[in-house]
Amino acid sequence: MSKLEDIVSLCKRRGFIFPGSDIYGGMAGTWDYGPLGVALKRKIMSEWWHFFVDNRDDIYGVDAAIIMNPRTWIASGHAATFSDPLVECKECHQRFRADKIASVSEKVSPDEFRATHTKCPNCGKENWDDVKQFNMMFTTHVGSVADDTSKAYLRPETAQGIFTNYKNVVDTIYPDLPFGLAQQGKAFRNEISPRDFVFRSREFEQMEIEYFVNPTTWEENFKKLLDSCHDFLEHIMNLPKDKIHDLEVAPADRAHYSKRTIDIEFDYPIGREELMGIAYRTDFDLGNIARESGKNMEYRDKKTNETFVPHVIEPSFGVERLVMAVLTTAYTEDEINGEKRIVLKLPENLAPYRFCVSPLLKNKPELVEKAKQVYNKLRDKYSNVTWDDSGNIGKRYRKQDEIGTFECVVIDFDTLEDDTVTVRDRDTTTQTRVKISTL
Ligand code: ATP
């Protein structure tokens, strides 16, 4: 298993992911994507959209504003209950999430925590302040006056932007039930201790579906969506099946809105942790919105004319956690002909580049010109093609291996004679001679 530090270091060295605001000493819990990271992240997100939206007849997209009317978060329960248990060591004043340093639930009481006799992970003492619930929503002010009336929140989940548009969608396109609404976008949580690279960030990206069903059918729809999630993780993201695990979340640990939750966990270098979740949110959200807005959230069944408030199944994916799972799976250290190398064995659909094109020698204009022709031809056909004429050929291969480029195409003097090129395969490093027209 690869180590987290190796992945973090590769990401920084090769331009995938940098610590946020690095130049000013950083900003805890934030990360910036560089050219390679953006390419990887976008591919993950567009594969998801393709799989869950474009390729299905029952799921539609929405893209809601990040800053929403604050009544959203009152109705959803986030203003009152979206919190983590915060505990402070009275000796060294370090703050921790109680459920991450002791085996207690997120709703642990001060006495329950004290009874665990947990020692401070920082100073080793056992002198704790009372556990308090810490609300994780970031606040801001909208407009030129910063007072209580202008207070707003950065959304802590994309889901509410979907729920608040449910009525708009039903009133405009009136889809058959069951149907889903999907959204991708930023979410913000003031995590008590952001950690483990992008795994627990304060600003991250979610891909969520709210799937509206007749309440009598929630169990079969839950199962179908769970199967689709596994299908996506195993066959589109190419994650190994034996590293993916379903965890039935105990009632005490479920979010305030959920009647059933399965966390899909992944074996990361940091251990087995939540990659994504699927929750049965019942009519909790639409019911709350109906109460808070005074608007009717009922759906009229097209065949039976029966009216009811749909129930909701929610598959919720975190992009950063998928990025980490994909990188963990791809990161490989091997030895070819006695030479050690690092290679990112990304699947073809996720590798930032399909081809790297280069002239054998940079200082031979005829080679450079021919290589440019090949580059333009391949870029027209595949779009994800890169050019590399830096250093010697061995260095280029090492670099392209580390960023997961599928194949390196090299133009040499024979190319000028017979229009053939050398194609080097990333995983086997074997080189074959092929006609340009076959690429
Ligand atoms: P955790 O228990 O790890 O804090 P959660 O159960 O609070 O996560 P959800 O509210 O279910 O997470 O959010 C849905 C998904 O969003 C998670 O499965 C995860 O993929 C992603 N996610 C949540 N919080 C973060 C975070 N701080 N950084 C990155 N991704 C996150």
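The domain assignment divides the protein into domain 1, formed by residues 4-67 + 154-327, and domain 2, formed by residues 353-438. In this predicted model, the centres of domain 1 and domain 2, taken over C-alpha atoms, are separated by 38 Å. Along the principal axes, the C-alpha atoms of the protein occupy a box of roughly 75 × 65 × 50 Å.

The secondary structure of the protein comprises 14 helices and 23 strands. Of its 439 residues, 36% count as buried. Among the contacts in the protein with a separation of 6 or more, 63% are made by residues 24 or more positions apart.

One hairpin is described here in detail. Strand S17 (residues 331-336) and strand S18 (residues 339-344) run antiparallel and are joined by six bridges. Within this pairing, Glu333 has Ile342 of S18 as its bridge partner. Two residues lie between the strands of the hairpin, and Asn337 adopts a positive phi near 50 degrees there.

The surroundings of the ligand were also examined. The ligand is surrounded by 14 residues, of which Phe204, Gly277, Ser316, Gly318 and Arg321 are the closest. Two or more residues of this shell are contributed by each of strand S10 (203-213), strand S13 (271-282), strand S16 (311-318) and helix H11 (319-330). Classified by residue type, the shell around the ligand contains six charged, five polar and three nonpolar residues.

Key
Residues numbered from 1 in each chain as written. Predicted model: local features only at pLDDT ≥ 70, side-chain atom pairs only at ≥ 80, totals over all residues. Helix = DSSP H or I, 4+ residues; strand = E, 2+ residues; numbered from the N terminus. Buried ≥ 20, exposed ≤ 12 C-beta atoms within 10 Å, placed from the backbone. Contact = placed C-beta atoms within 7 Å. Domains from an automatic or database assignment. Pairing = 2+ DSSP bridges. Near = placed C-beta within 6 Å. Nonpolar A, V, L, I, M, F, W, Y, C, P; charged D, E, K, R; others polar.
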